[in-house]
Amino acid sequence: MRLSAIAWGFVAPALLVIGMFFLLPVATAAVLSLTDFDIYALADLRNLRFVGFENYARVLQTPLFWQALGNTFYFVVVGVPLSIMVSLGSALLLHSRLARFKPLFRTALFAPVVTTLVAVAVVWRYLFQTRYGMVNYALGQIGVHPIDWLGDPRTAMPTIILLAVWKNFGYNMVIFLANLQAIPEEVYEAARIDGASTFQQFVHVTLPMLAPTLLLVGIITTAGYFQLFAEPYVMTQGGPLRSTVSVLYFMYEEGFKWWNFGTASTVAMLLFVLIFAVTWGFTRVTKNEAGA
Amino acid sequence: MGREGEVIEQLLPEFERRNPDIHVQIQQLPWTAAHEKLLTAFAGDALPDLCQLGNTWVPEFAALDALTDLDSLVARSSVVRAEDYFPGIWETNFVDGRMKGIPWYVDTRVLFFRSDLLSKAGFQTPPRSWDEWQRALAAVKKEVGPARYAILLPLNEFEPLLALGLQQEEPLLRDDGRWGGFSSPGFRRALDFYTQMFRNGWAPSLTDAGISNVWTEFAQGYFSFYISGPWNIEEFKRRLPAERQHDWMTAPLPGPHGPGASTAGGSSLVIFRSSRHVPAAWRLIEYLSEPVVQVRFHELSGNLPPRRTAWQYKRLAGDVYARAFLDQLERVRPAPAVPEWERIANEMQLTAELVVHGKMNIEEATRELDRRVDAILAKRRWMLARRKPS
């Protein structure tokens, strides 16, 4: 009894901080999402109406919300696997015994992660400029007509995905690299003695050994990619034709641009449910596989 | 805010010399953060006495009941005289019939154009009506060929379309700002005229992110017409190469039948309700509204004064590029004074983008726009309905 009291004493500061800065804001947002808090309510609280689940009904009927959701899924479904494949690929290359100047490459490939996004965005906007950009210049050399990368609704999201993958793959690469180095050499030796080809070694040794890391990286990356915001904010402002509006960007506009905190909180709650469901699905699938 | 926040420091010593009992403290804000900062300051009860406010923000802060009524102060003032101000600008400061701010400087949109390319295409004078404008656009486009354009209308800027919309007889919002009025024949005409410039290949469908540098592109003749504001006079003088300096001019915006209206933008000076120094703040407003001080302010910042008297001073009267603005300022119309306006203008531009990309026709687009605007104004309707009984 005394012991548990002491234990509570130890965790109390942490709990207090979490409660103040995490639970309380979340609870407030949940309450806000049931009201129509806006600029009028800021002026006079009597202008605040409790609307129950009306916000939810309205947001779910807003075409832009569904478009934002579609854009976000597009970004996640294409971006996450691509990002993980690039991370894993570069980790394998760096891990290879044939690779030279490993520290140099490791640093160079990790550099985008620690570069400020705004600076990156400026350079990328130049690269993808329709008439003067390097990308179109290079494509022009092989006879491809100029593409309006960020101005065409069909190519804007792929460009954003490219940016996000390039910007983020280094982080996961380092995690993969650390895990690759932890796989004991004997396992590969045994595989080789059994006559496994390099590809077979990868599929039957490397991948299973990396499975827990893959799951972790998958969850973190998915949760992160669902929160797509900064890339379209600095590159396209959601355009063209709202093709790069993500759920979070939609929320930002409702909340901080138009001061509809009721609606914005509703979107936040919906996004929370979404990420929670997807992450839970992830763990379920892998648990089933582990059990089978 | 912005550049104004810097240059006002040079105007204040004279004010403090004349009013030794008043000491002015300035706080500078960048424009991009000003709106949020002021709203946060309102929530935290930390607003200044006197403040510069973009005149589209005036209705919003009036809705917050954060602004002092200035009617009686103006009535007693010998400096601030309503008849000397451009009427369209003066009007932007009224919310529900009460004066909430005093115009400090004005901002409207006019045509900037390449006079050499226009005359090459066969036009010695700038267009005055929509018909003339379309003929000029077609001729210039023919002159410059497929790789270049006649006009630049960045798809993320709502001001050009807003100006065309304000030229129409029908108001953009109906019934005291309760409902959208974009399905009116007038706005449909404006939207049709606007989108035609893209359909006919006169304007490239670009956002301003797609244009690397407006001034170099203008100098190279990538486009010949550009709708922009007063700050660009100085920018064009400074940034266009010397050999191009005689090839550009400004002109008032053409209207459906002869010279048309344009937007009434700019900044106003307001006194917040929380202020405990109203008389002192008002003295500063009067000082900054003196024509001599306004001309000095123009010299320092390039901003255009809202008073006709100030325009008679040599520096402004002698500027050939400013003349179009003086002419235009007699024909400016305010945007609807509702707090939701910024968002409505944004929706208007998004809808125009849909039409430009061929996703909707004019009729569908304006009906859809009205539907969205009506939804945005729902709370306002509720507020107005509630106010009535009392």
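Predicted model: local features only at pLDDT ≥ 70, side-chain atom pairs only at ≥ 80, totals over all residues.
The C-alpha trace of chain A extends over about 75 × 75 × 35 Å along its principal axes. Of the 292 residues in chain A, 30% are buried. Where contacts in chain A between residues at least 6 apart in sequence are considered, 66% of them connect residues at least 24 apart.

Within chain A, helix α4 (residues 63-95) packs against helix α8 (residues 156-182) at an angle of about 40°, and the axes of the two helices are 6 Å apart. Because of this angle, α4(A) is classed as oblique to α8(A), and the crossing of the pair is right-handed. When the residues in the contact of α4(A) with α8(A) are divided by class, 18 are nonpolar and nine are polar, while no charged residues take part.

Two loop residues of chain A were examined individually. F229(A) is located in the loop between α10 (198-226) and α11 of chain A, and it counts as partly exposed because 15 C-beta neighbours fall inside 10 Å. Beyond its neighbours within four places in sequence, F229(A) makes contact with S246(A), L248(A), Y249(A) and Y252(A). The C-alpha atoms of F229(A) and M251(A) are 9.7 Å apart in space, although these residues are 22 residues apart in sequence. Q237(A), for its part, belongs to the loop between α11 (230-235) and α12 (247-257) of chain A. The phi angle of Q237(A) is near 50°, which is a positive value in a residue other than glycine, and Q237(A) is partly exposed because 16 other C-beta atoms lie within 10 Å.

The contact between the chains draws on 21 residues from chain A and 20 residues from chain B. On the side of chain A that touches chain B, the largest share is supplied by helix α2 (residues 39-43) of chain A, with four residues. By class, this side of chain A consists of nine nonpolar, seven polar and five charged residues.

Chain B is divided by the domain assignment into domain 1 (2-107 + 264-318) and domain 2 (110-262 + 337-384), and the C-alpha centres of these two domains of chain B lie 29 Å apart. Nine residues from domain 1 of chain B and ten residues from domain 2 of chain B form the contact between them. To the side of domain 1 of chain B that touches domain 2 of chain B, helix α3 (residues 58-63) of chain B gives the most, with three residues; by class, that side of domain 1 comprises four nonpolar, three polar and two charged residues.

A further helix pair in chain B is formed by α17 (residues 341-356) and α18 (residues 362-376), which pack at an angle of about 160° with their axes 10 Å apart. The two helices, α17(B) and α18(B), are therefore roughly antiparallel to each other, and α17(B) passes α18(B) in a right-handed crossing. From α17(B), the residues R343(B), I344(B), E347(B), M348(B), T351(B), L354(B) and V355(B) meet I362(B), A365(B), E368(B), L369(B), R372(B), V373(B) and I376(B) of α18(B). In terms of class, the contact of α17(B) with α18(B) contains nine nonpolar residues, one polar residue and four charged residues.

Two residues of chain B complete the description. K314(B) lies in helix α15 (residues 314-317) of chain B and counts as exposed because it has 8 C-beta neighbours inside 10 Å. A separation of 9.5 Å is found between the C-alpha atoms of K314(B) and V295(B), which are 19 residues apart along the chain. D175(B) occupies the loop between β7 (173-174) and β8 (179-180) of chain B, where its phi angle is near 55°, a positive value in a residue other than glycine. D175(B) counts as exposed because 11 C-beta neighbours are inside 10 Å.

Technical notes:
Residues numbered from 1 in each chain as written. Chains lettered and ligands numbered in written order. Axes fitted to C-alpha atoms, helices over the stretch in contact; angles between N-to-C directions. Parallel < 35°, antiparallel > 145°, perpendicular 65-115°, else oblique. Left-handed = near helix turned anticlockwise from the far one by under 90°. Nonpolar A, V, L, I, M, F, W, Y, C, P; charged D, E, K, R; others polar. Contact = placed C-beta atoms within 7 Å. Domains from an automatic or database assignment. Buried ≥ 20, exposed ≤ 12 C-beta atoms within 10 Å, placed from the backbone.
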